[in-house]
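Please look over the sequence and the model shown here before reading the briefing below.

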Amino acid sequence: MAMNLGHQIGTLSGNQIPTDFSAGEQPSSTTASTSAVWKAPSGNLRSNSPQETVSPPMLTPPLTPRSAGDWSHLINLPTLRPDLSAACQAYATEEAGTAEWKEGGRKEEKKGVPVFVMMPLDSVSNGNTVNRKKAMNASLHALKSAGVEGIMIDVWWGLVEREAPGCYNWGGYTEILDMANKHGLRVQAVMSFHQCGGNVGDSCTIPLPKWVREEMEKDPDLAYTDQWGRRNYEYVSLGCDSLPVLKGRSPVQCYADFMRAFKDQFRHLLGHTILEIQVGMGPAGELRYPSYPEENGTWKFPGIGAFQCYDKYMLNSLKAVAEAAGKPEWGGTGPTDAGYYNSWPEDTPFFKKDGGGWNSHYGEFFLSWYSRMLIEHGEQILLSATSVFKDTSVKISVKVAGIHWHYGTRSHAPELTAGYYNTRFRDGYLAIAQMLARYGAVFNFTCIEMRDHEQPQDALCAPEKLVRQVALATKEAQVALAGENALPRHDESAHEQILQASSLNIDGSLHEREMCAFTYLRMNPSLFQPDNWRRFVAFVKKMKEGKDGHRCWEQVEREAEHFVNATKPFVQEAALALLH
């Protein structure tokens, strides 16, 4: 079944998900329980071309291992990185008593939710200059006049450190950040260690740095790989996070050095203009595996996606953990009966609701390992980020994808392939929230604008229920929650849904908690069209009032109309400049 609908899209907690399903099947009552180290480049390990093409295969026979033996000793897998856990504990002890937002995500008593606006993906050109400089300046002026708190901008690894390791070109970013400072706008700077292109909404192509791609061509196993040998070059595989595979440095060292160079370059803006560093951790900047790539039509909504654990580094880890657990026969491969990218859960032996491999001893072992690898990847990068920025007052945030399709099924297959061990019987987002809380990082979540009834019902989509689950997880972990819309929306229905979700009235209590920020996708010519701009200005006013605001939309929009008329000249300038 094909749908002409593009939607952008944890791990070890055993808590049952407190959610309510009004459609589809009913929940079961069952509850399951650094600095660079320069060395000679590594030699060629494989010579496969990075442009491999793989035809959709015949599904392999169901090979999910089953075991009737004692499983209890395998539920709690040994920590994959004991050295990392020790470092995390030491860091948490050292940083106790720092800024209050690091203590469980609490924020000041200030009411309302500040609104930021995402800049165009190509705000900085391939020549390291500002794209459409006149439009950028006019747009920032308009945003500030509308009461917007600030902007979010991608700082692309593939542009800044493009030519050679350790050679950083901040041209373009220096100008844009100075513009933001001049207009009195705050900045959320995204450390974008992924490729731009191949995901929902990507309007341009910015590959990984040239020298990184050279290493990936020498050793294709540096790329995420599926069971059919298809390579994904959006982001370096987390399987080699700590190995010196990038011209003598590990990927995590490269990320740390990049952030350190950013800090040195823009130290004068940190804490007052640059308020937040969002650390990219995967495709589209999100903490996930590239399980649903749109490039070349590989995946289409609402397919379940595919596991990305077949590069040699990931398989080496799986083998070691399986042997340590006394199940070496489980360490040679991931599930081979989990369908293809565009399968539906019930079409696959692994994800089907009754007797599916996901709910077997083997499935629990594999999914625990797969999701824990993702969380430890996040921990390593957060440890670097918090170390780099510890003497500043900037916040650190991490984006998690809103994978809402097939949420009403038991297995939650698309979340599982992306690395979120979230099923009908297990809360996968609490483990992620707890990890972020250890570093005082903000949990940034997408799909805040979506309503359940707007989605294809046969795919059992439930974005509202998913947002509620994440909000409850962040509340329990005491970590701050921020939001984004997944798709461009300028209508009042989406604005009202964002207002409702950002108020965090999720459990009937009247506590004071709200989202700490909301980032609006995205600045473009449509935003500055008269009707859209009027609605946006009203939306910003309502968000700033917060959950205690009692003025109706009509009153706020009347005020917005007066404002739009008064500021018409430079809003029109921004719209025209962006068009050209």
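Predicted model: local features only at pLDDT ≥ 70, side-chain atom pairs only at ≥ 80, totals over all residues.

Residues are numbered from 1 along each chain as its sequence is written, and side-chain values use heavy atoms, with hydrogens and water left out.

**The barrel**

- Eight strands close into a barrel in the order 1-2-3-6-7-8-9-10 with parallel pairing, and the twist from one strand to the next averages 30 degrees.
- Strands (E, at least two residues) and helices (H or I, at least four) are DSSP runs numbered from the N terminus, and two strands pair if DSSP finds at least two bridges between them.
- Strand 2 (residues 150–156) and strand 3 (residues 186–192) run parallel and are joined by seven bridges, with D154 having V190 in strand 3 as its bridge partner.
- Strand 3 is in turn joined to strand 6 by five bridges, again in parallel, and here V187 stands opposite I274 in strand 6.
- Three bridges link strand 6 to strand 7, which run parallel, and I277 has I396 in strand 7 as its bridge partner.

**Packing**

- Five of the six residues of strand 6 are buried, so this strand is largely enclosed by the rest of the structure; buried means under 20% relative accessible area, computed with a 1.4 Å probe on protein chains only.
- Helix 9 (residues 361–388) lies across strand 6 (274–279) and strand 7 (395–400), running at about 155 degrees to strand 7, where axes are lines fitted to C-alpha atoms, for helices over the stretch in contact, and angles run from 0 to 180 degrees between N-to-C directions.

**Annotated positions**

- UniProt, in an unreviewed entry, places the feature "active site" at E286 and E484, and such annotations may be inferred rather than shown by experiment.
- Although these two positions are spread over 199 residues of sequence, they cluster in space, with a largest C-alpha distance of 12.2 Å.
- E286 is found in the loop between strand 6 and helix 8 (312–324), and E286 is buried, with a relative accessible area of 0%.
- E484 lies in strand 9 (residues 481–484) and counts as buried at 1% relative accessibility.
- Leaving aside neighbours within four places in sequence, E484 is in contact (heavy atoms within 4.5 Å) with residues including M118, Q278, K399 and E449.

Notes: Buried < 20%, exposed > 50% of the residue type's maximum accessible area, 1.4 Å probe, protein only.
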